[in-house]
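Colleague: Before I rely on any of the labels attached to this model, I would like to hear the criterion behind each of them. Could you take me through them one at a time?

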Amino acid sequence: MLEGLLHHKKEEKDYLSALIVTDDSISAALWEATKDGKVTILKTVTKPFSGEWEQAIDAADRVVTEIEEGLPEGKELTKVVFGLSPHWLADDHIKEPYLKKLKQLTSALSLTPLGFVDLPTAVSHLLQKDEGTQQTVILVGIESKHLTVS
């Protein structure tokens, strides 16, 4: 009994990253998730890119390196969830050319993909969670080559 008072159990935490991938920028967020389901965003970073996909991989490497600074010592970032523009998706699947690019990115950065979400769905879910009610909003996503209205 006395041992329980003297030795506090450290709360186990899991660290995840989210990468929002568009045709001209990569954004990353570092999340801390506790076993009781509490999620905290620790850091976010965005880097633009232009040109070939290799430049996108370089931008992804830079944002992941920056958010890793928010990790506790000894922790390594390995898990990633992608946020994708709707034009990257078809029938709840990633279109083949984009899937190949994401596989190349995760391989180059030694990341394990956990899944993906289309950005309008993620924003709508966040608004619903924050407001506590179903949202009736029009969301507009503006990128350099695409406009998304949902």
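Colleague: What makes Glu32 count as buried or exposed?

Modeller: Glu32 has a relative accessible area of 15%, and buried means under 20%, exposed over 50% and partly exposed in between, with a 1.4 Å probe and protein chains only, so Glu32 is buried. This is a predicted model, in which local features need pLDDT of at least 70 and side-chain atom pairs count only at pLDDT 80 or more, while totals for chains, interfaces and linings use all residues. Residues are numbered from 1 along each chain as its sequence is written, and side-chain values use heavy atoms, with hydrogens and water left out.

Colleague: How do you know that Lys13 forms a salt bridge with Glu32?

Modeller: The closest N and O atoms of Lys13 and Glu32 are 3.7 Å apart, and the term asks for a side-chain nitrogen of Lys or Arg within 4 Å of a carboxyl oxygen of Asp or Glu, so the pair qualifies. Lys13 lies in strand 1 and Glu32 in strand 2, so the bridge ties together parts that are 19 residues apart in sequence; helices (H or I, at least four residues) and strands (E, at least two) are DSSP runs numbered from the N terminus. Lys13, at 32% relative accessibility, counts as partly exposed.

Colleague: What makes a set of residues a nonpolar core, and which residues have the most contacts inside the largest one?

Modeller: The term covers buried Ala, Val, Leu, Ile, Met, Phe, Trp, Tyr and Cys residues joined through side-chain atoms within 4.5 Å. The largest such core has 29 residues, and those with the most contacts inside it are Leu19, Val21, Ile26, Phe82, Leu84 and Leu105. Helix 2 gives the most to this core, with eight residues. Beyond its neighbours within four places in sequence, Phe82 is in contact (heavy atoms within 4.5 Å) with residues including Leu19, Val21, Leu102 and Leu105.

Colleague: Why is helix 2 called oblique to helix 3?

Modeller: Helix 2 and helix 3 pack at an angle of about 45°, with their axes 10 Å apart. The axes are lines fitted to C-alpha atoms over the stretch in contact, and angles run from 0 to 180 degrees between N-to-C directions. Angles under 35 degrees count as roughly parallel, over 145 as roughly antiparallel, 65 to 115 as roughly perpendicular and the rest as oblique, so helix 2 is oblique to helix 3.
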